[in-house]
Amino acid sequence: MNPDQFKAALAEKGILLSEGQMDQYKIYFETLVEWNEKMNLTAITAEEEVYLKHFYDSISAAFYFDFTKQISICDVGAGAGFPSIPLKIAFPHLEVTIVDSLNKRITFLEHLASELGLKGTRFVHDRAETFGKKPEHREQYDVVMARAVARLSVLSELCLPLVKIGGSFVAMKGAQAEEELQAAKKAVFVLGGNLASVHAFSLPGEGSERNIMVISKDKKTPKQYPRKPGTPNKNPIE
């Protein structure tokens, strides 16, 4: 998917990008490739693959969830900024917080935000388990997102404590989504969530299966969650 095809594919979904926004995606691509030479950010560096598997794939959440409103997003374990930075470029009004456990990725994201001229972004070096215990972040976000970070039973414990009541946890998953969902049912319930919808689609051109899961936050997360760093992954709620 080259940049022109990327713009046209999003226009088909009602997401219209200006030349300025297209320039921002170009700078994003160039900065990603440049920094990837000195630190491991992504295995995907060919332009057409970055536009499809990183940019288009990140924005695909907006096909099924309304990002046109004034909302705050927390992106857990965003790595090189996916999905929240491509979404922020497409919907500049979004307030975006990214938490990542690796400080060098935070350094990259701060540089990237500066290069892109992004306002309303903040980057936090922290483990999701400790971040979710802090009063200034716990149950403070309209939407919490994660893309390919961990299986859903683990991810729910990292993300749902950050979602305000009435907000949503949006998990972006591949082909194993249904299997992960079955294993995560108890965790989602215990943590105060409720599955609202699942949307399956294929990436254009190459056909990889994608699933967008929207989990609503109906009640407060019990105080003991998230547990200490490493515990959710070793011993998920099942």
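A crossing is called left-handed if the near helix is turned anticlockwise from the far one by less than a right angle, and right-handed if clockwise. Helices here are DSSP runs of H or I with at least four residues, strands are runs of E with at least two, and both are numbered from the N terminus. This is a predicted model, in which local features need pLDDT of at least 70 and side-chain atom pairs count only at pLDDT 80 or more, while totals for chains, interfaces and linings use all residues. Residues are numbered from 1 along each chain as its sequence is written, and side-chain values use heavy atoms, with hydrogens and water left out.

The crossing of α1 and α2 is right-handed. Helix α1 covers residues 3–12 and helix α2 residues 19–36; they pack at an angle of about 130°, and their axes are 11 Å apart. Axes are lines fitted to C-alpha atoms, for helices over the stretch in contact, and angles run from 0 to 180 degrees between N-to-C directions. Angles under 35 degrees count as roughly parallel, over 145 as roughly antiparallel, 65 to 115 as roughly perpendicular and the rest as oblique. The two helices α1 and α2 are therefore oblique to each other.

Where do α1 and α2 meet? Pro3, Phe6 and Lys7 in α1 are in contact with Glu19, Met22 and Tyr25 in α2, contact meaning heavy atoms within 4.5 Å.

Turning to the cysteines, a disulfide is a pair of cysteine sulfur atoms within 2.5 Å, and the count by this rule is 0. For Cys74, the nearest cysteine sulfur is that of Cys159, 7.6 Å away. Cys74 is buried (under 20% relative accessible area; exposed is over 50%, partly exposed in between, with a 1.4 Å probe and protein chains only), its value being 0%.
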